[in-house]
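Dear colleague,

I am passing on the structure we discussed, with some notes on its packing below. Please have it open while you read.

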Amino acid sequence: MTDAETLARYYDLDLRDDPGDLDLYLALAARTGGAVLELASGSGRIAVPLAAAGYAVTGVDNDPAMLARAELAWARLLDEAPDRPARPDRPKREPRRGPRSHGTLDLVEGDLTTVRLRDRFGLAILALNTLLLLERPERQLAALRTLAAHLRPDGLAVVDIWLPGPEDLSIYDGRLLLEWIRDDPETGDRVVKLDSARFDSATATVVLSQLFDASSADGGPLRRTARSDRLRLIGAHELVRMAEDAGLAVEELAGDYRMGSFGPGDERAILVGRLV
């Protein structure tokens, strides 16, 4: 198994505890009533349930290993799972339709800053801090322009980012922290996740290193898989400005997934916008 495939599996293990955002996207999909686009759809945590709820969903991601897991999750939901996960280099396939109560899921390999699809969507999603993983402001703006470019005239775009407080940033000094210890149900391994981060106040960037140490139940050597990302943090005000620069009129800015009014001390900013 490649490191990319292992990291995709650990991504699902990392998000075993539901962040709580799925109900928001289901509600927005019901409100718009049309096809749904998710940029950086990953392993299908949001895209698959939306398709299962009856929507025509397109997921775009640049990681073939993530797309392979999303395809497998959809196949399992339809009771069509193959004996082994789909290969990351699988040929492009037509969207697969589920039973009568299900929609379709179309998975596309592409860069969320440049991809342009023929379809237009009632709802376009950039979920759970994905915008922060784009390390330069021009790339963040390009991702928001991609959302806007794929909206129907009456469609909605939604972006969700984390707003770290001083207490969060104070520990971003390079120290190694234990985040969790979990059993991997797919392999039986015991997996330990360690994080180390450094914050640069001059550029508002964080270099985040994630280490996953796996050991089998019957002993054997420790197996480490590592990932490093550079995040660019932005505040709610900059998010609003970027959305407007991308051609979106901000309809709502919320501080939680219940769409409560945004205010001081909120740890998230969820922006819902329409085409200008």
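Which residues of the largest nonpolar core touch the most other members? Please keep in mind throughout that this is a predicted model. The residues in question are Leu126, Leu131 and Ile161, in a core that counts 36 residues. At least two residues of this core come from each of β1 (36-39), β5 (121-126), α5 (137-149), β6 (151-162), α7 (236-245) and β12 (268-275), and the helix α5 gives the most, with 5 residues.

Leu126 shows what such a position looks like in detail: leaving aside residues up to four places away in sequence, Leu126 is in contact with Leu39, Leu112, Leu131, Ala143, Leu144, Leu147, Val158, Val159 and Asp160.

Turning to the aromatic residues, a search of the whole structure gives 2 aromatic pairs. In one of them, the ring centres of Trp180 and Phe212 are 6.1 Å apart and the ring planes stand at 50°, so this pair is classed as tilted. The pair links distant parts of the chain, since Trp180 belongs to strand β7 (residues 173-183) and Phe212 to strand β9 (residues 205-216), with the two residues 32 residues apart. Both partners fall under the 20% cut-off for burial: Trp180 is buried because its relative accessibility is 7%, and Phe212 is buried with a relative accessible area of 4%. Together with Tyr10, Trp180 and Phe212 form one aromatic cluster.

With best wishes

How values were computed. Residues numbered from 1 in each chain as written. Predicted model: local features only at pLDDT ≥ 70, side-chain atom pairs only at ≥ 80, totals over all residues. Heavy atoms only, no water. Phe/Tyr/Trp six-rings, centres within 6.5 Å; stacked < 30°, edge-to-face > 60°. Helix = DSSP H or I, 4+ residues; strand = E, 2+ residues; numbered from the N terminus. Buried < 20%, exposed > 50% of the residue type's maximum accessible area, 1.4 Å probe, protein only. Core = buried A, V, L, I, M, F, W, Y, C linked by side-chain atoms within 4.5 Å. Contact = heavy atoms within 4.5 Å.
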